[in-house]
Amino acid sequence: MAECFVYNTLPGTTEPVTAARFELTTDRNDTPLGRFVYGKSYLERPEAVALDPVELTLAPRVYETTAMKGLFGALRDASPDYWGRRVIERHVGKAPLGELDYLLHSPDDRAGALGFGLGQKPPAPKRKFNQTINLAKLQAIADAIVNDEDLPAEAEKAQAEELLLAGTSMGGARPKAVVEDRAGLWVAKFNRPDDKWNNARVEHAMLTLARTCGLTTAESQVVTIGDRDVLLVKRFDREKTAAGYLRARMVSGLTLLKTEDSHQARDKWSYVLLVEELRRVSAEPKKDAVELFRRMCFNALISNTDDHPRNHAIIAKERDWKLSPAFDLTPMPHVSLERRDLALICGDNGRFANAKNLLSQSARFLLPGEEAETVMATMREQVKGSWYEIARSAGVSEKDCERISGAFAYPGFDLDHVQPVDAA
Ligand SMILES: Nc1ncnc2c1ncn2[C@@H]1O[C@H](COP(=O)(O)OP(=O)(O)OP(=O)(O)O)[C@@H](O)[C@H]1O
Ligand SMILES: [Mg+2]
């Protein structure tokens, strides 16, 4: 059995408090079993908040789960993903590690307000972050890890790993780090040598395009380090104050859908189900439901077929939850011109990224048919008419524009009849 304490930084504060105890054990069939209990003193605080709006309601009871290797959704969301796990494994020199090891080894700059540790009292919050000036070094170390090479000679191994470990608890597969400047904290996303185009500039362009389509997105900028571009996305779950960082709680679409990342769980990956859950937990159900409809349409219009549930999130800066700004928007120019599928079911015809399909369940997004049609038609024109100009202004090269051009308002979007899946 392994156990740890779960800390939470309460709304409006900058220091964590102990919220709960989490135990990872196995049941009689040797299946991993997670147990979670809020601390009595936490429950007694008038300002106490639940760690998620779905599963871990504030109550003096023992929560148990055998799903997801015994991890509750809110804890899994605070745990590193492909990239972070890889860095941690290298650091520890062992792979794979236990789920609790990943939680305990990943640093305190994870998405959301939670922290984990072995001490009943939380450690003081981290005050020192990598600065944007460290980006060149961070990029070199990230390259070495991507290529499975030794770390760059000029960097002391231990120090280099320390640098990169900061940021490992952010999810996602792409190499990344967390850096600070005067405005606050940013997620730095590095280009990979095997990228098909300049990802930093293209993702920045997609976030900009999304804003022109009326979506709320994370703020972004591109910085050039040596001869390479790096995308900086402003952390929307942190706010810099004189006293330190305020932290918002954050859980992913996976947790809202009570599902996981595996292939078998894909039946529950659905915008239609997601909007139902969102309407239930959001303090602004109408606004968030319409925004989710817009994001679904936008993803279809730019062929962002990597719109999986971890690329959606809700956050709570105070007590209330709402949809987070949009992030991780990437065009994917597939070969098929007739049928492209989003990662989430988006209508009566499954995942088909097609206008008719997207409109088929618009009532669930609290948009009457005609309004939904207008929203979609306007966005379609906006994407079609301005993606190129916006991409060029974001510094995407002419060549890269050619490479991504097939992603926008692809022919299948407007098809009036359903394409069988195997035509994909
Ligand atoms: N601006 C932000 N503020 C707070 N958290 C963020 C922000 N951007 C991303 N995140 C968190 O970090 C995770 C990883 O970021 P992102 O999805 O951009 O990376 P990625 O490596 O491209 O992901 P993927 O594996 O989906 O391609 C997200 O799932 C989200 O939890
Ligand atoms: Mg992502």
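Between which two elements does the loop that holds K69 lie? K69 is in the loop between β4 (62–65) and α2 (73–77); helices (H or I, at least four residues) and strands (E, at least two) are DSSP runs, numbered from the N terminus.

1. Basis of the note. This is a predicted model, in which local features need pLDDT of at least 70 and side-chain atom pairs count only at pLDDT 80 or more, while totals for chains, interfaces and linings use all residues. Residues are numbered from 1 along each chain as its sequence is written, chains are lettered from A and ligands numbered from 1 in the order in which they are written, and side-chain values use heavy atoms, with hydrogens and water left out.

2. Backbone geometry. Most residues other than glycine have a negative phi, and most peptide bonds are trans. K69, however, has a positive phi, near 50 degrees. The peptide bond from A95 to P96 is cis, with omega near -10 degrees. P96 belongs to the loop between α3 (82–92) and α4 (99–105).

3. Surroundings of ligand 1. The ligand is surrounded by 20 residues (a heavy atom within 4 Å), and the closest are A173, R174, K176, K189 and H308. This shell comprises seven nonpolar, four polar and nine charged residues, with Gly counted as polar and Asp, Glu, Lys and Arg as charged.

4. Oxygen atoms of the ligand lie 2.7 Å from a side-chain N or O atom of K176 and 2.8 Å from a polar side-chain atom of H308. A nitrogen atom of ligand 1 is 3.1 Å from a backbone N or O atom of F236. Taken alone, the ligand exposes 620 Å², of which the protein buries 90% (Shrake-Rupley method, 1.4 Å probe).

5. An open sheet. Three strands are ordered β12-β13-β14 with antiparallel pairing, where pairing requires at least two DSSP bridges. Because β12 (249–252) and β14 (322–323) are edge strands with a single partner each, one side of each is left without a neighbour in the sheet. Four bridges join β12 to β13 (residues 313–316), and V251 has I314 of β13 as its bridge partner.

Technical notes:
Polar contact = N/O pair within 3.5 Å; in protein donor to acceptor, adjacent residues only side chain to side chain.
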